[in-house]
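Subject: Structure handover

Dear colleague,

I am passing on the structure below, together with some notes on what turned up in it. Please read them with the model open beside you.

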Amino acid sequence: MMEALIRAAAIGLAITAVLPFALILSQRPADMLPAAPEKGLDFSAVSAGPDMPEPETVPMRDGYPLQVRSFDNGVGPLVVMVHGSGWNGLQYATLAPQIAGHVLVPDLRGHGAAPGRRGDVEYIGQLEDDLADLIAARVQPRQKVVLLGHSSGGGLVVRFAGGQHGGMLDRAVLLAPFLKYDAPTTRKNSGGWAQPLTRRIIGLSMLNAFGITWFNHLTVIQFAMPKQVLDGPLGHLATTEYSYRLNTSYAPRSDYLADIRALPEFFVMAGEKDEAFVAEGYEPLMAPVTHRGSYRIIPGVGHLGIVDAPETAMAVKEFLNGI
């Protein structure tokens, strides 16, 4: 009897040990995602090469030179604008000059012209540490701090609020934020933009639960970046896939409602025609968790268009007025 129990336990243990590796090995990234313009995001507004100041570098705690564009727009808070997945700070060329205060637009580690390792970071949580280092390097005494993020950048702002650096924040602006793959605000595969390697993610999550992080550099998600962007003048700035550790770092934690609950006063805006997320879903999801939020839907605007919509600049200025 005892031998049978030991044998069964050994078999169970072997299956538990092998299963995550089987899941990881069962999926590989595609060399190129099939073009699906009818399902993807409209990048036409970012393909023209917007005029932005030259980036400067701000050293992070490990010495990495974070690329940052700076706008001194008069008296006001320190505003850090966090870009969405696959792209870089150029997406704020229109919005950044319009917001009062000292506005910083970083290219997150793993992105842009000087990514370090494109699509990767050193450890889960490094993007939060980088934002904290940037804020600490540039904030003035008694100056308020605002994080503004679009899409996955909005998800990173939510994650930041719920993490160890959350006390640095005074307000948050969330433009069509990614909250979680299974949140009621998320359309399937973010409207065709994101192609996750689900079995790999499950396998790596199982390993991480046991403290095994050796394989966190593996690719777990790819993005359907339009060919006209990749072949255009800014194509070299695109990031088309993420490692497990970057992808995890770029989104709220599994208990995303706890991260939402930790937000300071915040403002959510989304376009009525958002292809990736359900604009009308944010308030019923978030309002029961926290009373600190306000919400607005812009008619006729899509996922990427929300950043440059005139209504967005006006609403953000109103939300930040007087802080």
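Leaving aside neighbours within four places in sequence, A262 is in contact with A161 and G162, where contact means heavy atoms within 4.5 Å. A262 sits in the loop between α8 (256-261) and β10 (265-271); helices (H or I, at least four residues) and strands (E, at least two) are DSSP runs, numbered from the N terminus. With a relative accessible area of 37%, A262 is partly exposed, a class that lies between buried, under 20% relative accessible area, and exposed, over 50% (1.4 Å probe, protein chains only).

Please keep in mind that this is a predicted model, in which local features need pLDDT of at least 70 and side-chain atom pairs count only at pLDDT 80 or more, while totals for chains, interfaces and linings use all residues. Residues are numbered from 1 along each chain as its sequence is written, and side-chain values use heavy atoms, with hydrogens and water left out.

Two other loop residues deserve a look. R142, in the loop between α2 (126-138) and β5 (145-150), has a positive phi of about 65 degrees although it is not a glycine, and R142 is exposed at 81% relative accessibility. A176, in the loop between β6 (171-175) and α4 (189-192), also is not a glycine and has a positive phi, near 45 degrees, but A176 is buried, at 0% relative accessibility.

Three strands form an open sheet in the order β7-β8-β9, with antiparallel pairing, and two strands count as paired if DSSP finds at least two bridges between them. The edge strands, each pairing on one side only, are β7 (194-196) and β9 (241-243). Three bridges join β7 to β8 (residues 219-223), and P196 stands opposite I221 in β8. Helix α5 (residues 198-209) packs on the sheet, touching β7 and β8, and its direction makes about 145 degrees with that of β8; axes here are lines fitted to C-alpha atoms, for helices over the stretch in contact, and angles run from 0 to 180 degrees between N-to-C directions.
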